[in-house]
Amino acid sequence: MTTERPSPPLQADERETLRAFLDFHRATLAMKCDGLSDDDLRRRSMPPSTLTLLGLVRHMAEVERTWFRKVINGEDIPLVWSDENDYQVAYDASESSRSEAFEAWQTEVEHARRIEREAESLDVLGYQPRWSEHVSLRLVMHHLCHEYARHNGHADFLREGIDGVTGA
């Protein structure tokens, strides 16, 4: 499996640029997982950390679900892997598989893309209960780019530790 990573446009409006950078970061995470077995994807970074590539994919499914479906779309739904809203549960991929994690992640990415496309503008507001504040779709898209960029840095180190592959 080889992931195609889109290049963000050099000249585009704000929304298209945000959309493209978010897809660039999503593809980067997928690329870090290309060619690895389920066992490789579940390999921990270093004890006692439970961080794995598969755990990152599961975590990002929760992040996409929360920010787009729960915050922007106002859906009253639990997290994928925790009814108690515990994001740490997603990191434990010890019993997970590539197909399970990637299916959940891709489902949430598709929901996120639909919600963003259907939004009138980047000024659409949603409610973030953790902050007790309304936030714009603009902030959500910037936040997701930041979240992916940070975790893609983790994915770089995880992948290098598995088979020595660096770069993306």
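Helix α1 is followed by Gly 35, whose phi is positive, near 75°. This is a predicted model.

**Helix α1**
- Helix α1 covers residues 14–33, which makes 20 residues.
- At 1.5 Å a residue, α1 should span 28 Å, and its end C-alpha atoms are 29 Å apart, so the two values agree.
- Asp 13 caps the N-terminal end of α1. One of its side-chain oxygens lies 3.3 Å from the backbone nitrogen of Arg 15.

**His 59**
- The side chains of His 59 and Tyr 91 are joined by a polar contact of 3.4 Å.
- Leaving aside residues up to four places away in sequence, His 59 touches Tyr 87, Ala 90, Tyr 91, Glu 147 and His 151.

**Largest pocket**
- The volume of the largest pocket is about 190 Å³.
- Its lining includes Thr 66, Lys 70, Val 71, Tyr 87 and Arg 130.
- Helix α3 gives the most to this lining, with three residues.
- By class, the lining has four nonpolar, four polar and four charged residues.
- Tyr 87 lines this pocket and also touches His 59.

**Second largest pocket**
- The second largest pocket holds about 160 Å³ of space.
- Among the residues that line it are Arg 43, Arg 44, Met 46, His 154 and Phe 157.
- Five nonpolar, three polar and two charged residues make up its lining.

Conventions
Residues numbered from 1 in each chain as written. Predicted model: local features only at pLDDT ≥ 70, side-chain atom pairs only at ≥ 80, totals over all residues. Heavy atoms only, no water. Helix = DSSP H or I, 4+ residues; strand = E, 2+ residues; numbered from the N terminus. Expected span 1.5 Å × (residues − 1). Polar contact = N/O pair within 3.5 Å; in protein donor to acceptor, adjacent residues only side chain to side chain. Contact = heavy atoms within 4.5 Å. 1 Å grid on protein atoms, 1.4 Å probe; cavity = no way out; pocket = protein on both sides within 12 Å on 5 of 7 lines; lining within 4 Å. Points joined across faces, edges and corners; volume = space filled by probe spheres on them. Nonpolar A, V, L, I, M, F, W, Y, C, P; charged D, E, K, R; others polar.
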